[in-house]
Amino acid sequence: MSSRPVPEYLLPDTHAVDETGKSQIGGVDLVNLADQFGTPLFVYDEVHLENRCKEAVEAWGKGNVAYATKAFLCKEMARLAINSGMNLDVSTFGELYLALKAGAHGSSIVLHGNNKSSEELGLAIENSVSKIVVDSFNELDRLEALARGRPGPIRVMVRVTPGVEAHTHEYVQTGQDNSKFGFGLSGGYAKTALEKISRSPRLDLVGIHVHIGSQIFSTNSFSLALSTIADFVRDLDIEEVCVGGGLGVGYVEGEFAPTIAQWADTIHQAAVEAEINPRVRLSAEPGRSIVAKAGVTLYRVGTIKDVSETKTFLSVDGGMSDNPRPVLYGSGYEAFLPRSFRAARDKVLDIVGKHCESGDFIIKGANLPGDVVVGDILATPVSGAYGYSMASNYNKVPRPAVVFVKAGEVKEVVRRETHDDLIRLDL
Ligand SMILES: Cc1ncc(COP(=O)(O)O)c(C=O)c1O
């Protein structure tokens, strides 16, 4: 890590520094936001979200790109994605339920999941979702049964595991042969699934789906997945091949990812090279690349403790309950003090959370300005994906509020949990 200020490219599109050196997003001062809404606080740059959605729709074409809601979902996010021309990818009853409650129409929703319950399938069918991405033979049987007595066939895609190992953390690899997801290409499972669908008048094969993992920086991995399934899809009478999501984002200085447009270009080119029928639409489901950089988490510094001559712990008022990624994947982050964005970050310390685990860290060996004190507001950029959506109530800590900021205005889109919320399920 370096003592330089956090590079601007890791910040949301509208991040700016005012004449006193303080950070703003969407024209709103971050320290004031923390004072007004409390901490931890998830702050999203609405313009950044709109820009990434727009970029995705331009790159893939309207109707060919769904926002993967697992990365971050609340009603306002669902509405923003829909209003920006995206469809929505959901993978549980809860995500589907929220999307519908936010006003999304079934025709703009695609349902995923390796273990869909009959209730999940039922809700999806009742709301005529555009596609169900089938993941097991058992699911096919249940869909068959659920489709009986319905006016038309159910539109399905078959998720295929191409046997490609993406270069990413093993927990977020999904395209390898031994993945729990999809039907393997090798071993003939995918072929058998297609045969089963073709024998059913109640199931309509729309396309093939392949998702090889998440936080992938090399577009070659996607091209390889496409060329691997090319022979398999070439003779099929299908409308669509979906390459899933997975485009990586840079989290720390020096980490650069392809843009959404570059990702789409590479895949379109790979499809030509693999001689996939040009009539077949290529589609995608980005999650992280839409929301990660749009979001910044604000914490308040609670304690600063030297435990040896070389080790200092700085504790914040959140941690693994609002961002489990460092603990799950060893993910790196940067940190800065919004009160003095351009200050040299010449002090090295470990930023840890308030939970009862030694593994509850946000950044090991973080750089911060040397004058950091208890009470300061600290920000971690690139925390808009898989943070709030993976948040927990560990240690009975209420989940943070979420605000969207734009043109000097603040919209609270999810309120902070209260302590009464925490006991409302207890009988
Ligand atoms: C089927 C599917 N599509 C899309 C995504 C979104 O991936 P990402 O957020 O990495 O773009 C995921 C995430 O794992 C997924 O499982």
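Helices (H or I, at least four residues) and strands (E, at least two) are DSSP runs, numbered from the N terminus. This is a predicted model: local features need pLDDT of at least 70, side-chain atom pairs count only at pLDDT 80 or more, and totals for chains, interfaces and linings use all residues. Residue numbers start from 1 along each chain, as its sequence is written.

**Overall fold**

The protein chain has 12 helices and 20 strands. Its radius of gyration, taken over C-alpha atoms, is 22 Å. The globule rule (2.2 Å times the number of residues to the power 0.38) gives 22 Å for 427 residues, so the chain is as compact as a globular protein of that length. Along the principal axes, the C-alpha atoms fill a box of roughly 70 × 55 × 40 Å.

Burial is counted on C-beta atoms placed from the backbone: a residue is buried with 20 or more others within 10 Å of its own, exposed with 12 or fewer, and partly exposed in between. Of the 427 residues, 48% count as buried. Two residues are in contact if their C-beta atoms, placed from the backbone, lie within 7 Å. Among contacts with a separation of 6 or more, 70% join residues 24 or more positions apart.

**Two domains and their contact**

Domain bounds come from an automatic or database domain assignment. That assignment gives domain 1 (8–45 + 293–423) and domain 2 (46–290). Their C-alpha centres lie 31 Å apart. The contact takes 27 residues from domain 1 and 21 residues from domain 2. On the domain 1 side, strand S4 (41–45), helix H11 (325–329), S19 and S20 each give two or more residues. S19 gives the most, with 4 residues. By class, this side has 16 nonpolar, 6 polar and 5 charged residues. Here Ala, Val, Leu, Ile, Met, Phe, Trp, Tyr, Cys and Pro count as nonpolar, Asp, Glu, Lys and Arg as charged, and the others, Gly among them, as polar.

S19 (residues 401–406) and S20 (residues 409–414) pair in the antiparallel sense over 5 bridges. Pairing requires that DSSP finds at least two bridges between the strands. Val402 stands opposite Val414 in S20. The hairpin has 2 residues between the strands, and Ala407 takes a positive phi near 45°.

**Nonpolar core**

A nonpolar core is a set of buried Ala, Val, Leu, Ile, Met, Phe, Trp, Tyr and Cys residues joined through C-beta atoms within 7 Å. The largest one has 124 residues; Val43, Leu88, Ile132, Val156, Val158, Leu298 and Ile351 have the most contacts inside it. Helix H9 (residues 260–273) gives the most to this core, with 6 residues. Domain 1 and domain 2 both give residues to the core, so it lies between them.

**Two buried sites**

Ala59 is placed in helix H2 (residues 46–60). Gly245 lies in the loop between strand S12 (240–242) and H9. Both residues count as buried. The table gives their C-beta neighbours inside 10 Å.

| Residue | C-beta neighbours inside 10 Å |
|---|---|
| Ala59 | 20 neighbours |
| Gly245 | 25 neighbours |

Contacts here leave out residues up to four places away in sequence. Ala59 touches Ile260, Ala261 and Ala264. Gly245 is in contact with Ala68, His211, Ser214, Ala284, Glu285, Pro286 and Gly287.
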